[in-house]
Amino acid sequence: MLFGLLLLPSMASADAPVQAPEPLREATIQVLASYHQGNPWTDELVGRVGEAVARLDIPGGLAVDYLDARRLQEHEAFELQLSRLAGRRAVTPADRLLLLDDAALRFYLDHRVALGDPPMVVALGINDPELRSRAIERDVRLIVSRPVERQSLAFLAEIFGAPLPLLVLGDRTPVGENLTNDFLSTLARFDRASLVDVLWDWDPAGVRTALAAAPAGTRVYLVEGQTTGAADLDAEARQWLPELADDGIPVFCHLPYQVSLGCAGGALLDTRRLGRLAVESLLSPAFERLPRVQEVGSGRQVLNAAFHRRLPSGLREDVEWLELDGAIAGADSRFRRLWWGAGWLGVALVAIILLLAWSRRRGRQQQQRLMMDSVTGLPTRQALEAGFTNHEVGRDGWLFELLSPGLREYRQRIGLVDAQALFREQLRMMRDYLPRGWRLHAGSDFGLIGVIPEAQGGSGEGDFNTFMARLDMALAAQSTRKLSWHASLLRLGGHDADLAQCCAALDDGLLRLERQGWRQPVIRVEPLDRDTATRFQRLSRDLERLIDAPGAEWRLMVQPKVSPFDGRLAGAEMLIRWEHPELGAISPGEFLPITEILGISARLDSWVMCRSLEWYARHRRQLSSLPHLAFNVNLATLAGSDFHGALAERIADLALAPGALELEITEHADFSDLESVEVVLGKLRRLGVRLALDDFGTGRTAFQLLQRLPLTSVKLDRSLLQAAGRHGRALDAYAAMVRFCDQLGLAVVAEGVETRDEAHWLMSLGIQEVQGFLYARPMELDDFLVRYGRGGGE
C-alpha cells in the first residue's frame, strides 16, 4: 500500500532481434487497485492519477477497477476478478496498465494473459520484498519513494531538536509489518533520532501507557499500513488519532491520507508527482529506455499550527499549516485579554509599530521572492550577488559549486521535466546532510552554488570534504540511483576578488574535473584574475548567442587517418573550429567544456553532425576512396530521446551508407549507468554506424568498457604514446592494450603520431590506422578534397 516501488517491465535486450511493434490500442490508462473505493490510500492515488490524466488530456481517459482484496480474502478477490474478466464485467484491458499496491501486482504476475498481456505496465505501492524480487527477476524497473522517511525524520528533528526520541506505531498485518520494518531500518541509520519503542498492535490507551514510561520529549510517529488505514472498515479506529490529539498527543507521519485521518504533520510523500510520473511513463514514446530506477520523495512539509513557534523562522514560509483557524482563535482570545488590559492608547501604539514592521517585512519578502528559483525554491545567484562583499578586513568563509554530470545526461535521455523532479529529490537529500548555517543558491544547468560562513573559515575545507563523503555514502546506499556529485571549492579569505572572479574560478574547476574524467569529487581553486574571469564570461555569452546562429564564426575542418605502412587514406575525422571576430582562434579545449557547463553541447553536436553529413553527401563521388567519416558526439547527446531518430532520418534523406559513418565518444564521458549506455549504443550499431572510443587512456581506462560496449574501434590517446617513449613499463602497457583490443576484434587508431620512430614502433605492433602531424594536420575541407578527392563533386 505504501512506499511505492514503481515497476516497469523492460523491453527486449540489446541483443534481441528488432521487431516492428504491434499497433497500440486506444490510449486508455487502465488502473487496477488492490483495495476498494473509499480506502483512503487508494482514493488518494486514484485522485492523483486522475489529475495527471486530465492535465494531459488523454483521449481514452482513465478506467479504474478494484480488486477489493481487503474486505475479501486475496484468493477470493482474485477468483472474483477472473470471473469478471471472463464475463466482460470488468474494465476492458488496455495497453497501458497501472497497478496500485501488492495485491494488484501479484494478480498481474499470476494472470497477465487475463489482463490482455499489456506491453506497458507501471506498479506503485509495492511493499512485500518477495514480491519485489519476483518482479525484478522478470527484468522490471523500479521507482522507489523511500527517501520520504528520512526527509520526514529530518523535518521533525529541525522542529524538536536532536536526538529526537520516537515511539513508533506499527502493526502485524503483512503490509503494515513490511512498512514498519522499512521505517525502522531507516531510523536506525538516521543519527538525529532514536527509537524508544514500537507498538505493533496499538490503540490510544496503549499509546498513553507507553508515553508515560518513555523519556521526556518523546514524539509519536505513525507508520502502520492498515490499522487506521482500514478506518473505512472500522468506525472506532477512525477516531483514534483525533482522540490522541485531544489528549495533547500529536502523532506525526509522512503520508497525505494519514494527515486527513488526524496526524499533526510531517514531510509528506509527493503523491501528485507519483501519479504524474506513472502516467507520463505509460505515455512515453521511449518507454523501453526509461531509467531502470527512479525515486519520488516528499513534495511538501505540513505541520499543525500549534508548533509554529518551534520551527526555525527560516523554514516557516515553506510549511503548510494545519488547524490554522484554531490557532488563530486561540491567538485572538489572548489578544482580546491584552487589548482590555493595556488600554486603547497602548494598543494603538503597538498596532502602528506592528503595522510598520509587518509592512517592512512584507517588502523584504516580496524582494526575496523575486530572487527565488522556481524549480528548486532556492535563492538565485542574483540574490547571492546582492549580498556579496569580500573587501572587509579579516573576512573569511568559503564558496563552492556542485554539479552532477549524470543529472545533465539524464535530462538528455528522459526530458527536462523529469530531470527537474530528480534534481529536487537530490536537493532534498542534500539538505539532510548540509551543516547548519551553510546556504545553497541555484546555479545554472542543474548546478548549485553554496556559501560556508566565515565562522568555519579555518575548518571549512575539512567540513566540506566530510559533507561530500557523507553525501556520497548516502547516494551509494541508494542502489536505485547512479548519480554522483562533484564540486569546486574556493576560500574567500586572503583576497578581495569579487563574485564574478570567484564564480569563474569555480566554473573553471569543474571544467578541469570534467577533462580529468570526473576522477575526484572535489577540487580546490583560487580566484581568477579579472581578465581571465572576464574572458570566461564573454565566451559563455558568445556561445549562447552562436548556438542559434553560428554564422561564419564556426567552421569544420578535417584530419585524415592513414595507414602507417603506405600512407593510404584509412578514414577522416571532422573537427570544429571557432574564429572569434575579436579574440581570434579559440581552441576546442577551451570552449567545448563551457558548452557542457551551459548545457548546450547537444545542440552543438547536432550542428556538427548535420554539417558533416551534408558535406560528405555533397562530395561522396570525390571521396569514394574514403572508408569512413568520423565526428565526435557527447554521450549525453547519444542518449537523448531524439538523436537516434534524427541521425537515421538524415542518413536516409542523404542516401548515405551507415557503415561509412563513425561516432567518436570520449572516454571522459560518464559511463556510470553502463547498462543504459549499452542499450543506446546497441541501437546505433543496429542502425549500422561505427562506434569509436576516443582519447582512451585519459579517463577511466576501464577495460570493461571495451568488453561490454558494442564498439568497432579504439583511439589510443597521444599521452599514452608519449609515455611509451619515456618509460619502459608504459611501452609494455601500450603494447598490451593493443593486443587486448585485437583479441576483442577492435580496430586500433594511434593518435598523436609525430615522429618516424613512433610510426615504425606502431607498425611493429601491427596497428593499421594512425593519426597525427607526421602524416597530416587538421586541414580545410577544400584542401582535403584536393589532396584525397578524385573526379568532380555531385
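# Questions about a predicted model

Modeller: The protein chain has 29 helices and 29 strands, where helices (H or I, at least four residues) and strands (E, at least two) are DSSP runs numbered from the N terminus. This is a predicted model, in which local features need pLDDT of at least 70 and side-chain atom pairs count only at pLDDT 80 or more, while totals for chains, interfaces and linings use all residues. Residues are numbered from 1 along each chain as its sequence is written, and side-chain values use heavy atoms, with hydrogens and water left out.

Colleague: What percentage of the residues of the protein chain count as buried?

Modeller: A residue is called buried under 20% relative accessible area, exposed over 50% and partly exposed in between, with a 1.4 Å probe and protein chains only. Of the 794 residues of the protein chain, the part that counts as buried is 54%.

Colleague: Why is H628 called buried?

Modeller: H628 belongs to the loop between α21 (601–618) and β23 (629–632). H628 is called buried because its relative accessible area is 3%.

Colleague: Which side chain does the side chain of H628 join in a polar contact of 3.2 Å?

Modeller: A polar contact is a pair of N or O atoms within 3.5 Å; within protein, one must be able to donate a hydrogen and the other to accept it, and residues adjacent in sequence count only if both atoms are side-chain atoms. Contact in general means heavy atoms within 4.5 Å, and the residues that H628 contacts, leaving aside neighbours within four places in sequence, include A570, G659, R690 and E769. The polar contact of 3.2 Å joins the side chain of H628 to that of K561.

Colleague: How far apart in space are P564 and R756, C-alpha to C-alpha?

Modeller: P564 sits in the loop between β20 (554–562) and β21 (569–580), and it is buried because its relative accessible area is 8%. Not counting residues up to four places away in sequence, P564 touches several residues, among them M763, I767 and Y775. P564 and R756 are 192 residues apart in sequence, and their C-alpha to C-alpha distance is 9.8 Å.

Colleague: Which residue lies over the face of F160?

Modeller: A charge sits over a ring if NZ of Lys or CZ of Arg is within 6 Å of the ring centre and within 35 degrees of the ring normal. R777 lies over the face of F773, at 4.0 Å from the ring centre. Over the face of F160, at 4.0 Å from the ring centre, lies R219.
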